[in-house]
Amino acid sequence: MGSIPRTAMVLAAGLGTRMRPLTDTRPKPLIAVAGKALLDHVLDRLADAGVERAVVNVHYLAEQIIAHTAGRAKPRVTISDERGLLLGTGGGVVKALPALAQAPFFHINSDTIWIDSVTPNLTRLADHFDAATMDALLLLAPTTGSIGYTGRGDFIMTPDGRLRRRDERAVAPFVYAGAAILSPALFKDAPQGEFSLTDLFDRAAAAGRLHGLRLEGLWMHVGTPEAVGEAEQAIRKSAL
């Protein structure tokens with residue numbers, strides 16, 4: 001069994017343009033789903049997994065997220081302030097690396113939530129992560145049957161769990177569910193400034209060090225106002 005990472009990075013700096021008009025006056029991570037802010041769904045799940053400290057990056061309406069997380073103890077929240085320059089999903093992590101310790105860490109998008117099955121998916125990620133053979137272990141959801149996702153998928157997974165990105169015109173069976181364990185080694189010689197984390201995923205895949213784990217349960221991508229209602233309905237059903 002792998003050990004649970006003690007730190008996490010939560011991406012909360014996006015502009016939330018697809019969530020308008022809900023995000024006209026509130027950042028997307030603070031949009032409520034089933035009575036709880038998206039960001040709190042993520043932070044609560046990290047706390048339940050044993051994470052002690054979460055680095056949350058902020059940009060749009062940053063002061064609201066800073067105030068919202070100020071009193072949180074589990075996990076403790078460290079703010080990575082990107083108000084001066086939005087750095088993208090890759091550059092944001094590079095800026096936060098000094099606060100993440102030199103050990104593998106959870107990496108979660110603030111707009112991704114899911115309903116766990118028997119074993120929590122973050123625990124499963126920790127159980128399967130092997131720093132000797134992986135630079136990243138991504139949680140993957142089925143392209144079809146997930147809430148709020150209408151795309152063509154991201155990855156094809158080999159029997160040993162290695163990933164390769166789908167061809168441009170193809171449909172892939174798995175979509176990245178916005179949660180992962182990343183090794184600091186993934187960021188060796190990473191670019192400076194703004195760039196996408198997918199660039200580093202592609203580099204790791206080419207080296208055979210990008211792996212995936214199929215999510216157990218139901219994944220919900222809450223990216224639009226319509227998806228909020230769909231997610232709330234799924235959460236209500238799961239509680240019955």
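Helices, here, are DSSP runs of at least four residues, numbered from the N terminus. The exercises below concern a predicted model.

**Exercise 1. Work out where Asn121 is found, whether Asn121 is buried or exposed, and which residues Asn121 is in contact with.**

Step 1. Begin with the secondary structure, where Asn121 is found in helix H4.

Step 2. Turn next to accessibility: a residue is called buried when its relative accessible area is under 20%, and because the value for Asn121 is 0%, Asn121 is buried.

Step 3. Look then at the side chain, which makes a polar contact of 2.8 Å with the side chain of Asp116.

Step 4. Finally, set aside the neighbours within four places in sequence, and the residues in contact with Asn121 are Trp114, Asp116, Leu139, Arg214, Leu215 and Glu216.

**Exercise 2. Describe the second largest pocket by its volume, its lining and the elements that contribute to that lining.**

Step 1. The space in the second largest pocket comes to about 260 Å³.

Step 2. Its lining consists of 16 residues, of which His41, Arg45, Asp48, Trp114 and Asp116 are the closest to the centre.

Step 3. Two or more lining residues are given by each of helix H1 (38-49), strand E7 (112-116), helix H4 (121-128) and helix H6 (225-239), and the largest share, 5 residues, comes from H1.

Step 4. Sorted by class, this lining has 8 nonpolar, 3 polar and 5 charged residues.

Step 5. Comparing with Exercise 1, Trp114 and Asp116, which are among the residues closest to the centre of this pocket, are also among the contacts of Asn121.

**Exercise 3. Carry out the corresponding description for the largest pocket.**

Step 1. The volume of the largest pocket is about 830 Å³.

Step 2. There are 36 lining residues, and those closest to the centre are Leu11, Thr89, Asn109, Asp111 and His221.

Step 3. The elements that give two or more residues to this lining are helices H3 (88-96) and H5 (197-206), together with strands E6 (105-109), E11 (174-182) and E13 (217-221); E11 provides the largest share, with 4 residues.

Step 4. By class, the lining divides into 14 nonpolar, 16 polar and 6 charged residues.

Key. Residues are numbered from 1 along each chain as its sequence is written. This is a predicted model: local features need pLDDT of at least 70, side-chain atom pairs count only at pLDDT 80 or more; totals for chains, interfaces and linings use all residues. Side-chain values use heavy atoms; hydrogens and water are left out. On a 1 Å grid over the protein atoms alone, a cavity is a set of points where a 1.4 Å probe fits but cannot get out, and a pocket is an open set with protein on both sides within 12 Å along at least five of seven lines; lining residues have an atom within 4 Å of a point. Grid points are joined across faces, edges and corners, and a volume is the space filled by probe spheres set on the points. Ala, Val, Leu, Ile, Met, Phe, Trp, Tyr, Cys and Pro count as nonpolar, Asp, Glu, Lys and Arg as charged, and the others, Gly among them, as polar. Buried means under 20% relative accessible area, exposed over 50%, partly exposed in between (1.4 Å probe, protein chains only). A polar contact is a pair of N or O atoms within 3.5 Å; within protein, one must be able to donate a hydrogen and the other to accept it, and residues adjacent in sequence count only if both atoms are side-chain atoms. Contact means heavy atoms within 4.5 Å.
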